[in-house]
Amino acid sequence: MKRRDFITQASMAAVAASVGRVGAANKRIAFGGIQIECSTYGNILSRMEDFTVRRGRELADFRLFGMTKAYAHPFMPIFLASAVPGGRVERQTYDTLKSEFLGRLRDLMPLDGVYLPMHGAMYVDGMTDAEGDWISAVRAVVGDRCLISASYDLHGNLSRRVIDSLDMMSAFRTAPHIDREETHKRACDMLVRCLDEGIRPALVWAPIPVLMPGERSSTEYEPAKRLWGQLPAMNAQEGIMDVSLLVGYVWADEARATAAAVVTGTRPATLHKVASELAQQYWDARSEFKFGVPTGTMAEVIAKAQSMTTRPVVLSDSGDNPTGGGTGDRADALAELLRMKARDVVLAGIADRPGTEACYQAGVGTTLTLKVGATLDPQASRPVEVAAKVAFLAQTDRPAERQAVITVGGVTVVLTARRRPFHEIKDFTALGLDPTKFGIVVVKAGYLVPEIAAIANPNLMALTDGAVNQDIPRLANHHRVPTYPWVPDLKWTPAPIVSARSKA
Ligand SMILES: [Zn+2]
(Lines give C-alpha, C1' and ligand atoms only; values in the text may rest on other atoms or scores of the structure.)
Protein backbone atom coordinates (compact mmCIF):
# COMPACT_ATOMS: atom_id res chain seq x y z
CA MET A 1 0.00 0.00 0.00
CA LYS A 2 1.41 3.34 -0.99
CA ARG A 3 1.41 5.95 1.76
CA ARG A 4 1.81 9.64 1.13
CA ASP A 5 2.53 12.48 3.47
CA PHE A 6 -0.51 14.22 4.72
CA ILE A 7 -1.94 17.14 2.83
CA THR A 8 -4.72 19.27 4.23
CA GLN A 9 -8.29 18.64 3.20
CA ALA A 10 -8.55 22.10 1.73
CA SER A 11 -5.80 21.34 -0.75
CA MET A 12 -7.08 17.84 -1.51
CA ALA A 13 -9.43 18.85 -4.31
CA ALA A 14 -6.84 21.16 -5.82
CA VAL A 15 -4.27 18.38 -5.86
CA ALA A 16 -6.76 15.96 -7.34
CA ALA A 17 -7.72 18.44 -10.01
CA SER A 18 -4.12 19.34 -10.89
CA VAL A 19 -3.09 15.69 -11.10
CA GLY A 20 -6.02 15.19 -13.44
CA ARG A 21 -5.02 18.17 -15.55
CA VAL A 22 -1.45 17.02 -16.06
CA GLY A 23 -2.78 13.95 -17.72
CA ALA A 24 -3.26 11.23 -15.13
CA ALA A 25 -5.31 8.56 -16.81
CA ASN A 26 -9.00 9.10 -16.30
CA LYS A 27 -10.41 6.89 -13.60
CA ARG A 28 -13.81 5.30 -14.00
CA ILE A 29 -16.05 6.27 -11.08
CA ALA A 30 -19.72 5.36 -10.67
CA PHE A 31 -22.10 6.85 -8.10
CA GLY A 32 -25.57 6.33 -6.70
CA GLY A 33 -27.40 4.62 -3.87
CA ILE A 34 -30.55 4.38 -1.79
CA GLN A 35 -31.66 6.68 1.01
CA ILE A 36 -34.46 6.10 3.49
CA GLU A 37 -34.86 6.12 7.27
CA CYS A 38 -37.27 3.45 8.54
CA SER A 39 -39.02 3.23 11.91
CA THR A 40 -39.87 -0.29 13.06
CA TYR A 41 -42.40 1.14 15.54
CA GLY A 42 -45.19 1.78 13.02
CA ASN A 43 -47.15 -0.56 10.78
CA ILE A 44 -46.76 1.04 7.37
CA LEU A 45 -44.51 -0.22 4.56
CA SER A 46 -42.47 1.92 2.16
CA ARG A 47 -43.22 0.81 -1.40
CA MET A 48 -41.91 1.65 -4.85
CA GLU A 49 -44.31 4.58 -5.25
CA ASP A 50 -42.81 6.15 -2.11
CA PHE A 51 -39.37 6.38 -3.73
CA THR A 52 -38.16 9.08 -6.07
CA VAL A 53 -35.62 7.42 -8.36
CA ARG A 54 -33.25 9.78 -10.17
CA ARG A 55 -31.53 7.88 -12.95
CA GLY A 56 -28.64 8.87 -15.19
CA ARG A 57 -28.68 12.53 -16.18
CA GLU A 58 -31.37 13.37 -13.66
CA LEU A 59 -28.98 12.30 -10.90
CA ALA A 60 -25.96 13.99 -12.50
CA ASP A 61 -27.92 17.26 -12.63
CA PHE A 62 -29.36 16.93 -9.11
CA ARG A 63 -28.14 19.98 -7.21
CA LEU A 64 -26.89 17.97 -4.20
CA PHE A 65 -24.44 16.17 -6.49
CA GLY A 66 -23.52 18.97 -8.89
CA MET A 67 -20.02 18.94 -7.42
CA THR A 68 -19.30 15.55 -9.06
CA LYS A 69 -18.95 17.43 -12.36
CA ALA A 70 -15.97 19.42 -11.07
CA TYR A 71 -13.55 16.48 -10.97
CA ALA A 72 -11.08 15.62 -13.70
CA HIS A 73 -12.45 12.08 -13.68
CA PRO A 74 -16.01 11.58 -14.89
CA PHE A 75 -18.51 10.49 -12.23
CA MET A 76 -21.00 8.20 -13.94
CA PRO A 77 -24.49 8.27 -12.42
CA ILE A 78 -26.27 4.98 -11.66
CA PHE A 79 -29.38 6.05 -9.74
CA LEU A 80 -30.34 7.51 -6.41
CA ALA A 81 -33.55 6.18 -4.87
CA SER A 82 -34.75 8.36 -2.00
CA ALA A 83 -37.94 8.47 0.02
CA VAL A 84 -39.52 10.43 2.83
CA PRO A 85 -38.61 8.50 6.00
CA GLY A 86 -41.25 5.95 6.90
CA GLY A 87 -41.89 2.34 7.73
CA ARG A 88 -39.94 -0.75 6.71
CA VAL A 89 -39.18 -1.07 3.01
CA GLU A 90 -41.32 -3.72 1.35
CA ARG A 91 -39.02 -6.62 0.44
CA GLN A 92 -40.04 -6.76 -3.22
CA THR A 93 -39.40 -3.02 -3.64
CA TYR A 94 -35.93 -3.39 -2.14
CA ASP A 95 -35.09 -6.44 -4.27
CA THR A 96 -36.23 -4.67 -7.45
CA LEU A 97 -34.19 -1.54 -6.73
CA LYS A 98 -31.11 -3.51 -5.69
CA SER A 99 -31.23 -5.71 -8.76
CA GLU A 100 -31.53 -2.71 -11.09
CA PHE A 101 -28.68 -0.93 -9.29
CA LEU A 102 -26.33 -3.90 -9.51
CA GLY A 103 -27.25 -4.45 -13.17
CA ARG A 104 -26.40 -0.84 -14.06
CA LEU A 105 -23.21 -1.11 -12.00
CA ARG A 106 -22.16 -4.23 -13.93
CA ASP A 107 -22.77 -2.38 -17.20
CA LEU A 108 -20.26 0.29 -16.11
CA MET A 109 -17.50 -2.14 -15.21
CA PRO A 110 -14.54 -2.04 -15.00
CA LEU A 111 -14.54 0.65 -12.32
CA ASP A 112 -11.75 2.27 -10.30
CA GLY A 113 -14.05 3.91 -7.78
CA VAL A 114 -17.63 3.96 -6.53
CA TYR A 115 -19.29 6.69 -4.46
CA LEU A 116 -22.36 5.59 -2.51
CA PRO A 117 -24.47 8.42 -1.06
CA MET A 118 -26.51 6.46 1.50
CA HIS A 119 -28.67 7.42 4.46
CA GLY A 120 -27.80 4.47 6.67
CA ALA A 121 -31.08 3.82 8.50
CA MET A 122 -32.91 1.63 5.99
CA TYR A 123 -34.82 -1.33 7.39
CA VAL A 124 -36.06 -3.87 4.88
CA ASP A 125 -38.97 -6.09 5.87
CA GLY A 126 -37.61 -9.44 6.98
CA MET A 127 -33.93 -8.36 6.82
CA THR A 128 -31.50 -6.75 9.24
CA ASP A 129 -28.53 -4.57 8.27
CA ALA A 130 -30.00 -3.49 4.93
CA GLU A 131 -27.14 -1.12 4.05
CA GLY A 132 -24.75 -3.98 4.83
CA ASP A 133 -26.63 -6.08 2.29
CA TRP A 134 -26.59 -3.32 -0.37
CA ILE A 135 -22.97 -2.19 0.10
CA SER A 136 -21.53 -5.71 0.30
CA ALA A 137 -23.41 -6.59 -2.92
CA VAL A 138 -21.79 -3.57 -4.58
CA ARG A 139 -18.39 -4.75 -3.35
CA ALA A 140 -19.04 -8.22 -4.77
CA VAL A 141 -19.72 -6.69 -8.21
CA VAL A 142 -16.80 -4.22 -8.36
CA GLY A 143 -14.17 -6.51 -6.85
CA ASP A 144 -11.32 -5.98 -4.47
CA ARG A 145 -9.25 -3.37 -6.33
CA CYS A 146 -12.02 -0.79 -6.72
CA LEU A 147 -12.22 1.86 -3.98
CA ILE A 148 -15.64 2.53 -2.44
CA SER A 149 -16.43 5.76 -0.61
CA ALA A 150 -19.77 6.29 1.16
CA SER A 151 -21.47 9.31 2.65
CA TYR A 152 -24.01 8.84 5.42
CA ASP A 153 -26.61 10.84 7.27
CA LEU A 154 -25.47 11.26 10.88
CA HIS A 155 -28.60 9.31 11.86
CA GLY A 156 -27.38 6.23 10.00
CA ASN A 157 -26.40 2.90 11.54
CA LEU A 158 -23.19 1.06 10.76
CA SER A 159 -22.26 -2.59 10.98
CA ARG A 160 -19.26 -4.81 10.56
CA ARG A 161 -20.48 -5.70 7.07
CA VAL A 162 -20.82 -2.04 6.05
CA ILE A 163 -17.37 -1.13 7.36
CA ASP A 164 -15.69 -4.20 5.87
CA SER A 165 -17.14 -3.44 2.42
CA LEU A 166 -16.01 0.21 2.33
CA ASP A 167 -12.64 1.93 2.02
CA MET A 168 -13.69 5.33 3.37
CA MET A 169 -16.71 7.23 4.58
CA SER A 170 -17.95 10.60 5.69
CA ALA A 171 -21.14 11.59 7.54
CA PHE A 172 -23.07 14.84 7.92
CA ARG A 173 -21.72 17.04 10.71
CA THR A 174 -24.83 19.10 11.33
CA ALA A 175 -28.34 18.37 12.56
CA PRO A 176 -30.56 19.87 11.18
CA HIS A 177 -28.59 18.82 8.11
CA ILE A 178 -27.29 21.94 6.43
CA ASP A 179 -24.04 20.36 5.22
CA ARG A 180 -25.28 17.74 2.77
CA GLU A 181 -23.33 19.04 -0.23
CA GLU A 182 -20.18 19.60 1.83
CA THR A 183 -20.34 16.01 3.08
CA HIS A 184 -20.88 14.62 -0.42
CA LYS A 185 -17.88 16.64 -1.54
CA ARG A 186 -15.70 15.36 1.32
CA ALA A 187 -16.55 11.77 0.41
CA CYS A 188 -15.80 12.40 -3.29
CA ASP A 189 -12.61 14.47 -2.68
CA MET A 190 -11.27 11.64 -0.57
CA LEU A 191 -12.10 9.05 -3.22
CA VAL A 192 -10.50 11.07 -6.02
CA ARG A 193 -7.40 11.80 -3.96
CA CYS A 194 -6.95 8.12 -3.10
CA LEU A 195 -7.35 7.11 -6.75
CA ASP A 196 -4.94 9.78 -7.98
CA GLU A 197 -2.29 9.01 -5.40
CA GLY A 198 -2.70 5.26 -5.29
CA ILE A 199 -3.73 5.27 -1.63
CA ARG A 200 -5.79 2.49 -0.15
CA PRO A 201 -6.87 4.12 3.13
CA ALA A 202 -7.63 2.47 6.44
CA LEU A 203 -11.05 2.74 8.10
CA VAL A 204 -11.59 2.47 11.85
CA TRP A 205 -15.01 2.22 13.46
CA ALA A 206 -15.80 2.66 17.15
CA PRO A 207 -19.41 1.75 17.90
CA ILE A 208 -20.80 3.54 20.99
CA PRO A 209 -23.71 1.82 22.80
CA VAL A 210 -25.75 5.01 23.23
CA LEU A 211 -28.96 5.85 21.39
CA MET A 212 -31.04 8.96 21.52
CA PRO A 213 -33.45 10.83 19.26
CA GLY A 214 -32.04 13.46 16.93
CA GLU A 215 -34.09 15.97 18.92
CA ARG A 216 -31.70 15.56 21.85
CA SER A 217 -28.60 15.79 19.71
CA SER A 218 -29.10 18.84 17.50
CA THR A 219 -25.68 20.29 16.75
CA GLU A 220 -27.15 23.73 17.46
CA TYR A 221 -27.02 22.92 21.17
CA GLU A 222 -24.53 21.51 23.67
CA PRO A 223 -23.06 19.00 24.05
CA ALA A 224 -23.48 18.09 20.36
CA LYS A 225 -22.33 21.57 19.34
CA ARG A 226 -18.87 21.06 20.83
CA LEU A 227 -18.61 17.35 19.98
CA TRP A 228 -19.26 17.92 16.27
CA GLY A 229 -17.68 21.39 16.28
CA GLN A 230 -14.23 19.90 16.90
CA LEU A 231 -14.33 17.53 13.91
CA PRO A 232 -12.71 19.90 11.37
CA ALA A 233 -9.73 20.40 13.69
CA MET A 234 -9.43 16.66 14.34
CA ASN A 235 -9.65 16.14 10.59
CA ALA A 236 -6.59 18.36 10.12
CA GLN A 237 -4.26 15.96 11.96
CA GLU A 238 -1.57 14.25 9.99
CA GLY A 239 -2.68 10.94 8.52
CA ILE A 240 -6.43 11.67 8.88
CA MET A 241 -8.69 12.03 5.85
CA ASP A 242 -12.10 12.09 7.52
CA VAL A 243 -13.51 12.07 11.03
CA SER A 244 -17.21 11.31 11.41
CA LEU A 245 -19.44 11.00 14.45
CA LEU A 246 -22.88 9.42 14.10
CA VAL A 247 -25.85 9.57 16.47
CA GLY A 248 -27.31 6.46 14.82
CA TYR A 249 -31.02 5.80 14.35
CA VAL A 250 -32.96 5.00 17.48
CA TRP A 251 -36.36 3.96 16.08
CA ALA A 252 -35.20 0.72 14.48
CA ASP A 253 -34.97 -2.19 16.87
CA GLU A 254 -31.95 -3.95 15.41
CA ALA A 255 -28.59 -5.05 16.75
CA ARG A 256 -26.47 -2.71 14.63
CA ALA A 257 -28.19 0.46 15.90
CA THR A 258 -25.62 2.46 17.88
CA ALA A 259 -23.84 5.78 17.84
CA ALA A 260 -20.36 5.57 16.32
CA ALA A 261 -17.10 7.34 15.59
CA VAL A 262 -15.61 6.47 12.19
CA VAL A 263 -12.22 7.64 10.99
CA THR A 264 -10.58 7.26 7.57
CA GLY A 265 -6.92 7.92 6.85
CA THR A 266 -3.43 6.64 6.23
CA ARG A 267 -2.06 6.18 9.74
CA PRO A 268 -3.87 3.34 11.50
CA ALA A 269 -2.46 4.19 14.96
CA THR A 270 -3.73 7.79 14.68
CA LEU A 271 -7.11 6.60 13.41
CA HIS A 272 -7.41 4.25 16.35
CA LYS A 273 -6.52 7.00 18.81
CA VAL A 274 -8.92 9.56 17.31
CA ALA A 275 -11.80 7.04 17.12
CA SER A 276 -11.24 6.04 20.76
CA GLU A 277 -11.07 9.61 22.02
CA LEU A 278 -14.15 10.71 20.14
CA ALA A 279 -16.16 7.67 21.22
CA GLN A 280 -15.12 8.23 24.83
CA GLN A 281 -16.11 11.90 24.69
CA TYR A 282 -19.55 10.97 23.33
CA TRP A 283 -19.99 8.33 26.01
CA ASP A 284 -18.96 10.77 28.75
CA ALA A 285 -21.49 13.31 27.49
CA ARG A 286 -24.38 10.81 27.22
CA SER A 287 -26.45 12.21 30.07
CA GLU A 288 -25.90 15.83 28.99
CA PHE A 289 -27.99 15.58 25.80
CA LYS A 290 -31.23 17.49 26.26
CA PHE A 291 -34.06 18.73 24.10
CA GLY A 292 -33.09 22.18 22.88
CA VAL A 293 -36.58 23.65 23.43
CA PRO A 294 -39.23 23.38 26.19
CA THR A 295 -41.22 20.15 26.04
CA GLY A 296 -44.46 18.77 27.45
CA THR A 297 -47.53 16.76 26.56
CA MET A 298 -49.61 18.10 23.69
CA ALA A 299 -52.14 19.48 26.21
CA GLU A 300 -49.37 21.18 28.19
CA VAL A 301 -47.78 22.88 25.19
CA ILE A 302 -51.19 24.00 23.84
CA ALA A 303 -52.03 25.49 27.25
CA LYS A 304 -48.67 27.22 27.35
CA ALA A 305 -49.12 28.60 23.83
CA GLN A 306 -52.60 29.87 24.71
CA SER A 307 -51.14 31.76 27.66
CA MET A 308 -48.42 33.47 25.61
CA THR A 309 -48.65 36.86 23.97
CA THR A 310 -45.93 36.22 21.37
CA ARG A 311 -46.85 34.69 18.02
CA PRO A 312 -46.72 32.43 16.22
CA VAL A 313 -45.95 29.78 18.83
CA VAL A 314 -44.82 26.74 16.84
CA LEU A 315 -45.76 23.39 18.40
CA SER A 316 -43.94 20.27 17.18
CA ASP A 317 -45.99 17.06 17.18
CA SER A 318 -42.75 15.11 17.52
CA GLY A 319 -43.98 11.49 17.82
CA ASP A 320 -45.57 11.59 14.35
CA ASN A 321 -42.82 13.46 12.50
CA PRO A 322 -42.68 12.04 8.96
CA THR A 323 -39.10 13.23 8.43
CA GLY A 324 -37.99 11.02 11.33
CA GLY A 325 -39.95 7.97 10.19
CA GLY A 326 -43.32 8.86 11.74
CA THR A 327 -46.45 7.88 9.85
CA GLY A 328 -47.81 11.42 9.70
CA ASP A 329 -51.48 10.35 9.74
CA ARG A 330 -52.28 10.90 13.40
CA ALA A 331 -55.03 13.30 14.47
CA ASP A 332 -54.32 13.35 18.22
CA ALA A 333 -53.05 16.95 18.03
CA LEU A 334 -56.27 18.01 16.29
CA ALA A 335 -58.37 16.22 18.92
CA GLU A 336 -56.50 18.01 21.70
CA LEU A 337 -56.76 21.44 20.02
CA LEU A 338 -60.54 20.99 19.62
CA ARG A 339 -60.96 19.72 23.19
CA MET A 340 -59.08 22.76 24.48
CA LYS A 341 -61.06 25.09 22.18
CA ALA A 342 -57.85 26.48 20.69
CA ARG A 343 -58.36 29.25 18.13
CA ASP A 344 -56.20 31.04 15.59
CA VAL A 345 -54.35 27.79 14.85
CA VAL A 346 -52.97 26.25 11.67
CA LEU A 347 -52.13 22.53 11.77
CA ALA A 348 -50.02 21.28 8.84
CA GLY A 349 -50.57 18.65 7.92
CA ILE A 350 -52.24 15.30 8.38
CA ALA A 351 -51.70 12.64 5.70
CA ASP A 352 -55.27 11.55 4.93
CA ARG A 353 -55.99 10.60 1.34
CA PRO A 354 -59.68 9.66 1.80
CA GLY A 355 -60.34 12.94 3.64
CA THR A 356 -58.47 14.92 0.98
CA GLU A 357 -60.43 13.24 -1.80
CA ALA A 358 -63.72 13.90 0.00
CA CYS A 359 -62.87 17.61 0.15
CA TYR A 360 -62.13 17.68 -3.61
CA GLN A 361 -65.47 15.97 -4.25
CA ALA A 362 -67.30 18.44 -2.04
CA GLY A 363 -65.62 21.62 -3.31
CA VAL A 364 -64.54 24.88 -1.69
CA GLY A 365 -67.11 26.44 0.64
CA THR A 366 -68.83 23.16 1.45
CA THR A 367 -69.13 21.85 5.00
CA LEU A 368 -68.88 18.08 5.36
CA THR A 369 -68.46 15.49 8.08
CA LEU A 370 -65.03 13.88 8.02
CA LYS A 371 -63.25 11.26 10.02
CA VAL A 372 -59.76 12.72 10.04
CA GLY A 373 -56.63 10.65 10.69
CA ALA A 374 -55.50 7.04 11.22
CA THR A 375 -55.93 6.18 7.55
CA LEU A 376 -52.44 4.73 6.99
CA ASP A 377 -51.87 2.94 10.28
CA PRO A 378 -55.34 2.34 11.79
CA GLN A 379 -53.84 0.09 14.48
CA ALA A 380 -51.74 2.90 15.93
CA SER A 381 -54.20 5.76 16.45
CA ARG A 382 -57.84 6.85 16.20
CA PRO A 383 -59.58 9.20 13.78
CA VAL A 384 -61.40 12.34 14.92
CA GLU A 385 -64.87 13.10 13.54
CA VAL A 386 -65.30 16.75 12.63
CA ALA A 387 -67.57 19.07 10.70
CA ALA A 388 -65.08 20.58 8.26
CA LYS A 389 -65.51 23.53 5.93
CA VAL A 390 -63.38 23.26 2.80
CA ALA A 391 -61.37 26.48 2.50
CA PHE A 392 -58.85 25.74 -0.26
CA LEU A 393 -57.92 22.96 -2.69
CA ALA A 394 -54.47 22.78 -4.28
CA GLN A 395 -54.64 22.72 -8.07
CA THR A 396 -52.70 19.74 -9.37
CA ASP A 397 -53.04 17.00 -11.97
CA ARG A 398 -51.37 14.47 -9.69
CA PRO A 399 -53.69 12.82 -7.15
CA ALA A 400 -50.75 12.19 -4.77
CA GLU A 401 -50.04 15.95 -4.64
CA ARG A 402 -53.57 16.90 -3.64
CA GLN A 403 -53.91 19.00 -0.49
CA ALA A 404 -57.08 20.38 1.07
CA VAL A 405 -57.30 23.18 3.63
CA ILE A 406 -60.25 22.80 5.99
CA THR A 407 -61.43 24.81 8.95
CA VAL A 408 -62.77 23.12 12.05
CA GLY A 409 -63.85 25.64 14.69
CA GLY A 410 -60.84 27.87 15.30
CA VAL A 411 -58.41 25.44 13.72
CA THR A 412 -57.25 25.48 10.10
CA VAL A 413 -56.06 22.02 9.08
CA VAL A 414 -54.16 20.88 5.98
CA LEU A 415 -55.05 17.39 4.77
CA THR A 416 -52.58 15.86 2.32
CA ALA A 417 -52.95 12.90 -0.01
CA ARG A 418 -49.42 11.73 0.70
CA ARG A 419 -47.11 11.75 3.71
CA ARG A 420 -45.10 14.95 3.66
CA PRO A 421 -43.45 17.46 5.97
CA PHE A 422 -44.15 21.20 6.16
CA HIS A 423 -40.58 22.44 6.34
CA GLU A 424 -40.66 25.54 4.24
CA ILE A 425 -42.74 28.69 4.29
CA LYS A 426 -43.71 28.06 0.67
CA ASP A 427 -45.34 24.78 1.75
CA PHE A 428 -47.88 27.03 3.51
CA THR A 429 -48.06 29.95 1.09
CA ALA A 430 -48.75 27.55 -1.81
CA LEU A 431 -52.02 26.82 0.02
CA GLY A 432 -52.87 30.47 0.62
CA LEU A 433 -51.71 30.27 4.25
CA ASP A 434 -49.31 32.68 5.94
CA PRO A 435 -48.04 30.89 9.06
CA THR A 436 -46.85 34.15 10.62
CA LYS A 437 -50.48 35.33 10.76
CA PHE A 438 -51.57 32.58 13.16
CA GLY A 439 -51.23 32.53 16.94
CA ILE A 440 -50.30 28.85 16.96
CA VAL A 441 -48.70 26.77 14.21
CA VAL A 442 -48.66 22.99 14.72
CA VAL A 443 -46.28 20.94 12.56
CA LYS A 444 -45.40 17.27 12.58
CA ALA A 445 -41.71 17.75 13.25
CA GLY A 446 -39.02 17.11 15.79
CA TYR A 447 -36.45 19.86 15.89
CA LEU A 448 -37.42 22.57 13.48
CA VAL A 449 -35.64 23.09 10.21
CA PRO A 450 -34.12 26.60 9.95
CA GLU A 451 -36.90 28.21 7.91
CA ILE A 452 -39.65 27.32 10.39
CA ALA A 453 -37.38 27.90 13.39
CA ALA A 454 -36.90 31.46 12.13
CA ILE A 455 -40.62 32.30 12.56
CA ALA A 456 -41.16 30.33 15.81
CA ASN A 457 -41.85 32.71 18.64
CA PRO A 458 -41.11 30.44 20.42
CA ASN A 459 -41.01 26.71 19.58
CA LEU A 460 -42.42 24.18 22.06
CA MET A 461 -42.08 20.45 21.50
CA ALA A 462 -44.96 18.13 22.28
CA LEU A 463 -43.72 14.68 23.31
CA THR A 464 -46.47 12.75 21.57
CA ASP A 465 -47.12 9.13 20.78
CA GLY A 466 -46.28 7.69 17.36
CA ALA A 467 -43.72 5.70 15.39
CA VAL A 468 -40.97 8.12 16.46
CA ASN A 469 -41.96 8.53 20.11
CA GLN A 470 -39.25 10.49 21.95
CA ASP A 471 -39.70 8.50 25.19
CA ILE A 472 -36.80 6.20 24.33
CA PRO A 473 -36.59 4.00 27.46
CA ARG A 474 -40.22 2.96 26.81
CA LEU A 475 -39.58 1.79 23.23
CA ALA A 476 -39.73 -1.98 22.81
CA ASN A 477 -36.14 -3.22 22.74
CA HIS A 478 -35.62 -6.85 21.72
CA HIS A 479 -32.67 -6.86 19.35
CA ARG A 480 -30.20 -4.18 20.40
CA VAL A 481 -26.94 -4.85 22.18
CA PRO A 482 -26.94 -3.56 25.81
CA THR A 483 -27.35 0.17 25.22
CA TYR A 484 -27.77 3.36 27.24
CA PRO A 485 -30.43 4.51 28.23
CA TRP A 486 -32.15 1.08 28.37
CA VAL A 487 -29.25 -0.01 30.57
CA PRO A 488 -28.70 3.15 32.62
CA ASP A 489 -25.68 1.84 34.56
CA LEU A 490 -23.94 0.24 31.57
CA LYS A 491 -20.13 -0.04 31.85
CA TRP A 492 -18.20 0.52 28.63
CA THR A 493 -14.84 1.48 27.17
CA PRO A 494 -14.12 2.18 23.49
CA ALA A 495 -12.95 -0.78 21.41
CA PRO A 496 -12.31 0.51 17.86
CA ILE A 497 -12.57 -2.02 15.05
CA VAL A 498 -10.22 -1.87 12.07
CA SER A 499 -12.01 -2.72 8.82
CA ALA A 500 -11.15 -5.96 7.08
CA ARG A 501 -9.89 -4.15 3.96
CA SER A 502 -7.52 -1.99 6.01
CA LYS A 503 -5.71 -5.13 7.06
CA ALA A 504 -5.78 -6.85 3.68
ZN1 LIG B 1 -30.70 12.65 9.71
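## Basis of the model

The model is predicted, and local features need pLDDT of at least 70, while side-chain atom pairs count only at pLDDT 80 or more and totals for chains, interfaces and linings use all residues. Residues are numbered from 1 along each chain as its sequence is written, and side-chain values use heavy atoms, with hydrogens and water left out.

Helices (H or I, at least four residues) and strands (E, at least two) are DSSP runs numbered from the N terminus. Two strands pair if DSSP finds at least two bridges between them.

Q403 stands opposite T416 in β18.

Contact here means heavy atoms within 4.5 Å. Axes are lines fitted to C-alpha atoms, for helices over the stretch in contact, and angles run from 0 to 180 degrees between N-to-C directions.

## Helices α10 and α11

Helix α10 also packs with helix α11 (residues 332-339), at an angle of about 50° and with the axes 10 Å apart. The two helices are therefore oblique to each other (angles under 35 degrees count as roughly parallel, over 145 as roughly antiparallel, 65 to 115 as roughly perpendicular and the rest as oblique). The crossing of α10 past α11 is right-handed; a crossing is left-handed if the near helix is turned anticlockwise from the far one by less than a right angle, and right-handed if clockwise.

On the α10 side the contact is made by M298, A299 and I302, and on the α11 side by A333, E336, L337 and R339. By class, these residues divide into 5 nonpolar, no polar and 2 charged. Ala, Val, Leu, Ile, Met, Phe, Trp, Tyr, Cys and Pro count as nonpolar, Asp, Glu, Lys and Arg as charged, and the others, Gly among them, as polar.

## Two buried loop residues

F438 lies in the loop between α13 (425-429) and β19. F438 is buried, with a relative accessible area of 13% (buried means under 20% relative accessible area, exposed over 50%, partly exposed in between, with a 1.4 Å probe and protein chains only). Not counting residues up to four places away in sequence, F438 touches R311, P312, D344, V345, V346, T412 and L433. For F438 and D344, the C-alpha atoms are 5.4 Å apart, although the two residues are 94 residues apart in sequence.

V449 is in the loop between β19 and α14 (450-453). V449 is also buried, at 17% relative accessible area. Its C-alpha atom is separated by 9.2 Å from that of I178, which is 271 residues away along the chain.

In strand β6 (residues 113-117), 5 of the 5 residues are buried, so the strand is largely enclosed by the rest of the structure. G113, Y115 and P117 point one way from β6, while V114 and L116 point the other way.

Strand β1 (residues 29-35) pairs with β6 in the parallel sense over 3 bridges, and A30 stands opposite V114. Strand β7 (residues 147-152) also runs parallel to β6, with 5 bridges joining the two. Here L116 stands opposite A150 in β7.

## Helices α3 and α4

The axes of α3 (residues 91-108) and α4 (residues 130-142) come within 10 Å and cross at roughly 25°. The two are therefore roughly parallel to each other, and α3 passes α4 in a right-handed crossing.

Helix α3 contributes Y94, L97, K98, F101, L102, L105 and R106 to the contact, and α4 contributes A130, D133, W134, A137, V138, V141 and V142. This contact has 11 nonpolar, no polar and 3 charged residues.

## The sheet of 4 strands

Another open sheet has 4 strands in the order β10-β11-β9-β21, with antiparallel pairing. Its edge strands are β10 (240-246) and β21 (497-498). Strands β9 (residues 202-208) and β11 (residues 259-265) pair over 7 bridges, and A202 stands opposite G265 in β11.

Two helices lie across strands of this sheet. Helix α6 (residues 180-197) lies across β10 and β11, at about 150° to β10. Helix α9 (residues 268-284) lies across β9, β10 and β11, at about 20° to β9.
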